[in-house]
Amino acid sequence: MSDLEQQLHLPDRPLQNPQRLTQTVIQITEMLCMYQAELARILGVQCADIGEMANGKRVIETESDIWTQAKRFVEVYEVLYHHCKGDGVAMRNWLRRSNSELNGVPLLLMVDENKLETVLGYLKKHHPEKY
């Protein structure tokens, strides 16, 4: 497991701090080899906003729609981590492979169709013991 994966997989880590949540979603995006533009679409912000977050110039505001989406994105990562037993390559492959039960590619569903909640629900359904 890489240092980044170890750092991110902290199930009890509180994400109530705007700076911590912001850093976490940026780190997850990097670990999953996603583009910042994909994260922007998932969170419903502009690419420039993600650039500012990545550079520490902006944080996700608490109690906003972006905050809610960011927490769901972290939850997708956590459930996917369990689903793939912490294997980063398997996690990246799962996100990019067509899933017949989801009727699409999970990453594209989250990015292009705003179905983050659908992907999260699918993962939770297949690992109810974790949640």
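Glu-52 is partly exposed, with a relative accessible area of 32%; here buried means under 20% relative accessible area, exposed means over 50%, and partly exposed is in between (1.4 Å probe, protein chains only). This is a predicted model, in which local features need pLDDT of at least 70 and side-chain atom pairs count only at pLDDT 80 or more, while totals for chains, interfaces and linings use all residues. Residues are numbered from 1 along each chain as its sequence is written, and side-chain values use heavy atoms, with hydrogens and water left out. Welcome to a short tour, starting with the overall fold.

**Overall fold**

- The protein chain has eight helices and zero strands; both are DSSP runs numbered from the N terminus, with helices being H or I of at least four residues and strands being E of at least two.
- Read from the N terminus, the order of elements is α-α-α-α-α-α-α-α.
- Of the 131 residues in the protein chain, 45% are buried.
- Take the contacts (heavy atoms within 4.5 Å) between residues at least 6 apart in sequence: 59% of them join residues at least 24 apart.

**Salt bridges**

- Side chains of opposite charge can pair when their charged atoms come close.
- A salt bridge here is a side-chain nitrogen of Lys or Arg within 4 Å of a carboxyl oxygen of Asp or Glu, and by this rule there are six salt bridges.
- Glu-52 has Arg-58 as a salt-bridge partner, with 3.3 Å between the closest N and O atoms.
- Arg-58 is partly exposed, at a relative accessible area of 34%.
- Asp-49 joins Glu-52 and Arg-58 in a network of salt bridges.
- Glu-75 and Lys-124 form another salt bridge, their closest N and O atoms being 2.5 Å apart.
- Because Glu-75 lies in helix α5 and Lys-124 in helix α8, this pair ties together parts that are 49 residues apart in sequence.
- Glu-75 is partly exposed at 26% relative accessibility, and Lys-124 is partly exposed with a relative accessible area of 28%.
- Lys-115 and Glu-113 also meet through their side chains in a salt bridge, at 3.5 Å from N to O.
- Lys-115 has a relative accessible area of 33% and is partly exposed; Glu-113, at 45% relative accessibility, counts as partly exposed too.

**Around Thr-22**

- Thr-22 sits in helix α2, which covers residues 18-31.
- With a relative accessible area of 2%, Thr-22 is buried.
- Apart from neighbours within four places in sequence, Thr-22 is in contact with Met-53, Arg-58, Val-59 and Ile-60.
- Thr-22 and Ala-54 are 32 residues apart along the chain, and their C-alpha atoms are separated by 8.1 Å.

**Helix α3 against helix α5**

- The axes of helix α3 (residues 36-43) and helix α5 (residues 65-83) come within 9 Å and cross at roughly 120°.
- These axes are lines fitted to C-alpha atoms, for helices over the stretch in contact, and the angles run from 0 to 180 degrees between N-to-C directions.
- On the α3 side, Leu-39, Ile-42 and Leu-43 meet Ile-66, Gln-69, Ala-70 and Phe-73 in α5.
- The residues of this contact divide into six nonpolar, one polar and no charged, where Ala, Val, Leu, Ile, Met, Phe, Trp, Tyr, Cys and Pro count as nonpolar, Asp, Glu, Lys and Arg as charged, and the others, Gly among them, as polar.

**Aromatic pairs**

- A search of the whole structure finds two aromatic pairs; rings of Phe, Tyr and Trp (its six-membered ring) pair if their centres lie within 6.5 Å, and planes under 30 degrees apart count as stacked, over 60 as edge-to-face and the rest as tilted.
- Tyr-77 and Tyr-81 have ring centres 6.1 Å apart and planes at 45°, so this pair is tilted.
- Tyr-77 and Tyr-81 are four residues apart in helix α5, so about one helical turn separates them.
- Tyr-77 is buried at a relative accessible area of 1%, and Tyr-81 is buried at 7%.
- Trp-94 and Tyr-122 make a stacked aromatic pair, with 6.0 Å centre to centre and 25° between the planes.
- This pair links distant parts of the chain, with Trp-94 in helix α6 (residues 88-96) and Tyr-122 in helix α8 (residues 116-126), 28 residues apart.
- Trp-94 and Tyr-122 are both buried.
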